[in-house]
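The following paragraphs lead through the contacts, confidence, sheets and core of the model shown here.

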Amino acid sequence: MNRLRSALGQTTRNRSRRLAPWLAATFAVALALGLPGVAAADFWTPESGGSPQADAIDNLYKFTLVLAAVIFFGVEGALFYSLYKFKARKGAVAAQIRGNTRLEIAWTIGAAVIVLVLAVATFIQLPAIRIPENSNATEGLDLASSGVAPGVLVASGPQQRLPPNGKSLNIKVNGQQYIWRYTYPDGDDNTLNNPFSYEEMVVPTETTVTLEIQAQDVAHSWWIPKLGGKFDAIPGYTNYTWFKVPAALEGTSFRGQCAELCGRNHANMTARVRAVSPADFEAYIAQRRQDTKAADEAAAKQRKEVEAPAAEQPDADKTSGPTASPGP
Ligand SMILES: [Cu+2]
């Protein structure tokens with residue numbers, strides 16, 4: 001019996017030696033699969049780098065990914081090791097195993113601990129994702145005295161989260177088939193005269209920007225990956241998010257795309273957020289105001305020109321039909 005055991009032991013050692021190259025090859029393949037992930041980190045985890053809460057989301061994904069990778073390679077490693085070590089061979093009799101209480105308790109507790117660790121890590125990161133930071137007091141847009149948005153901060157809904165000091169640059173994002181419209185604050189109660197832009201949103205760096213996301217027609221989805229998570233734009237409902245672009249990324253354009261199939265031109269519903277210095281932002285808003293004013297004046301002038309001949313010939317309407325455009 002003892003001789004049999006030592007013979008079996010010898011065979012096991014030989015097998016382990018033969019197994020070594022296989023294990024090394026498996027490890028090499030695993031490493032090769034993992035390495036490109038290091039080079040293209042955004043392939044495995046969400047894009048980040050444009051805003052602190054996008055970084056927090058990315059950290060959470062990375063932590064979960066590493067934990068999952070350890071479990072994956074541990075389980076697969078044990079599986080392949082067992083496949084080779086215990087594969088059928090001549091004269092071998094399989095061990096008859098009937099449960100192992102200690103092992104079963106161990107992996108039940110192990111799984112529970114992993115879930116607990118993930119839950120704790122998530123709850124630690126959540127506030128950094130959901131609650132906006134204060135703007136940078138020296139480098140950000142001076143929200144209190146800026147001509148753009150004196151005394152800003154606009155909390156129009158119970159679910160909007162503001163920075164601890166209550167001040168943010170609040171921009172309204174409106175999804176329309178097939179373009180995004182952005183309305184900037186101007187510090188007064190009249191919402192009809194606010195500066196606005198389409199497709200490209202311009203924001204000051206180091207300034208906390210809060211967004212109110214809505215839709216005009218159908219459901220759209222606001223998403224600039226480097227600036228954080230995706231938010232649905234739903235008619236009749238407002239969603240909120242925020243971001244803050246660091247000063248180092250001044251001049252950067254962050255690109256995004258409507259992330260909800262919203263009609264036949266959905267693919268062309270792109271969005272851009274361009275980060276500029278606070279001074280450039282104020283200049284941009286001033287320019288937008290001036291452009292709008294100039295356009296209003298030009299339209300008024302044109303209207304006068306169109307209406308003037310009609311007024312001189314009161315009967316013209318009866319023969320030539322309506323001349324006014326049907327409007328939007
Ligand atoms: Cu859309």
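Among contacts in the protein chain between residues at least 6 apart in sequence, 68% join residues at least 24 apart; two residues are in contact if their C-beta atoms, placed from the backbone, lie within 7 Å. The model is a predicted one, in which local features need pLDDT of at least 70 and side-chain atom pairs count only at pLDDT 80 or more, while totals for chains, interfaces and linings use all residues. Residues are numbered from 1 along each chain as its sequence is written.

The pLDDT, which is the predictor's confidence in each residue on a scale from 0 to 100, has a mean of 81 over the protein chain, with 76% of residues at 70 or more. Confidence is highest in strand S6 (residues 220-222), at 96, and lowest in helix H6 (residues 316-320), at a mean of 47. Over residues 316-328 pLDDT stays under 50, and the model has 3 contacts beyond four places in sequence for this stretch.

The secondary structure comprises 6 helices and 10 strands; these are DSSP runs numbered from the N terminus, with helices (H or I) of at least four residues and strands (E) of at least two. Two strands are taken to pair if DSSP finds at least two bridges between them.

S4 pairs with S10 (residues 270-276) in the parallel sense over 5 bridges, and Val-202 has Arg-274 in S10 as its bridge partner.

How many of the 328 residues in the protein chain are buried, as a percentage? Buried residues make up 21%, a residue being buried if 20 or more other C-beta atoms lie within 10 Å of its own, exposed if 12 or fewer, and partly exposed in between, with C-beta atoms placed from the backbone. The largest nonpolar core has 30 residues, and Ile-171, Val-173, Val-203, Val-209 and Val-273 have the most contacts inside it. Such a core is a set of buried Ala, Val, Leu, Ile, Met, Phe, Trp, Tyr and Cys residues joined through C-beta atoms within 7 Å. Elements giving two or more residues to this core include helix H3 (52-85), S1, S4, S10 and helix H5 (278-312), while the largest share, 4 residues, comes from S5. The core draws at least three residues from each of domain 1 (2-88 + 100-130) and domain 2 (169-288), whose bounds come from an automatic or database domain assignment. Beyond its neighbours within four places in sequence, Val-203 is in contact with Val-209, Val-245, Val-273, Ala-275 and Phe-281.

Pro-164 lies in the loop between helix H4 (101-130) and strand S1 (169-176). Pro-164 is exposed, because 9 other C-beta atoms lie within 10 Å. Pro-164 and Glu-133 are 31 residues apart in sequence, and their C-alpha atoms are 7.0 Å apart in space.
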